[in-house]
Amino acid sequence: MQDVSNNSEHIKWSFQWKLYADSMKVMDPMKTVINIISQNKDLESCKQHLYTIIAELYNNALDHGVLGLDSKIKENPEGIEEFYNLKEERLENLNTGYIFLAVEYQQALNKYKLIMSAEDSGSGFDHRNYEKTLTANQKTFGRGIPLLFSLCEKVSFNESGN
């Protein structure tokens with residue numbers, strides 16, 4: 001928990017948002033989520049970091065979980081363009097799937113904690129053998145999870161990695 005010098009109240013709030021296929025086609029939930037979170041003045045100063053974390057959680061869930069895209073496509077010279085064209089095509093044809101986002105804020109005794117999670121309907125991935133540091137990754141992909149580890153105090157996965 002991080003120190004909060006201006007308030008010693010006990011405060012707790014949370015929200016959850018489940019997006020289905022049709023919603024994922026037309027909505028960008030990251031802006032809405034960050035607007036809700038930044039209503040809390042204790043979190044306003046870290047708004048950019050929180051946006052990055054939410055973007056990584058959501059985009060990983062969408063790209064790899066729901067849409068089943070493989071980042072190794074990005075290894076090819078035209079790979080990044082191919083990846084995003086394939087993403088657009090799969091998203092346009094998406095009929096099933098979900099992404100569940102949850103945020104919980106806890107403040108007590110001048111300290112606070114923000115817990116964010118994302119779950120998707122995909123098959124998951126092997127998170128036990130995944131690189132956790134940014135410096136070890138020299139590829140054009142695979143930096144999202146190491147970025148989460150660099151920005152968060154704790155990162156964990158459910159057993160299936162979805």
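Predicted model: local features only at pLDDT ≥ 70, side-chain atom pairs only at ≥ 80, totals over all residues.
Reader: Which elements do the buried residues of α3 pack against?
Author: Take the buried set of α3 to begin with. Among its members are Leu 50, Ile 53, Ile 54, Tyr 58 and Leu 62. Asp 63 and Glu 56 are buried too. The partners of the buried residues are α1 (21–26), α2 (29–37), α4 (79–92), β3, β4 and α5 (144–151).

Reader: Which element do the buried residues of α5 pack against?
Author: In α5, the buried residues are Gly 144, Ile 145, Pro 146 and Leu 148. The packing partner of these buried residues is α3.

Reader: Is Thr 52 buried, exposed or partly exposed?
Author: Thr 52 lies in helix α3. Its relative accessibility is 23%. Buried means under 20%, and exposed means over 50%. Because 23% falls in between, Thr 52 counts as partly exposed.

Reader: Which residues is Thr 52 in contact with, leaving aside its neighbours within four places in sequence?
Author: Consider Leu 151, which is 99 residues from Thr 52 along the chain. The C-alpha atoms of Thr 52 and Leu 151 are separated by 8.8 Å. With neighbours within four places set aside, the contacts of Thr 52 are Leu 147 and Leu 151.

Reader: What is the volume of the largest cavity?
Author: The whole structure was searched for cavities of 30 Å³ or more. The search finds one. The volume of the largest cavity is about 60 Å³.

Reader: Which element gives the largest share of the lining of the largest cavity?
Author: The lining includes Ile 54, Leu 57, Leu 101, Ala 102, Val 103, Met 116 and Ser 117. Elements that give two or more residues to it are α3 (47–66), β3 (98–108) and β4 (111–120). The largest share is three residues, and it comes from β3.

Reader: How do the lining residues of the largest cavity divide into nonpolar, polar and charged?
Author: Phe 15 and Val 33 are also among the lining residues. Ser 117 is in the lining as well. The division is eight nonpolar, one polar and no charged.

Technical notes: Residues numbered from 1 in each chain as written. Heavy atoms only, no water. 1 Å grid on protein atoms, 1.4 Å probe; cavity = no way out; pocket = protein on both sides within 12 Å on 5 of 7 lines; lining within 4 Å. Points joined across faces, edges and corners; volume = space filled by probe spheres on them. Helix = DSSP H or I, 4+ residues; strand = E, 2+ residues; numbered from the N terminus. Nonpolar A, V, L, I, M, F, W, Y, C, P; charged D, E, K, R; others polar. Buried < 20%, exposed > 50% of the residue type's maximum accessible area, 1.4 Å probe, protein only. Contact = heavy atoms within 4.5 Å.
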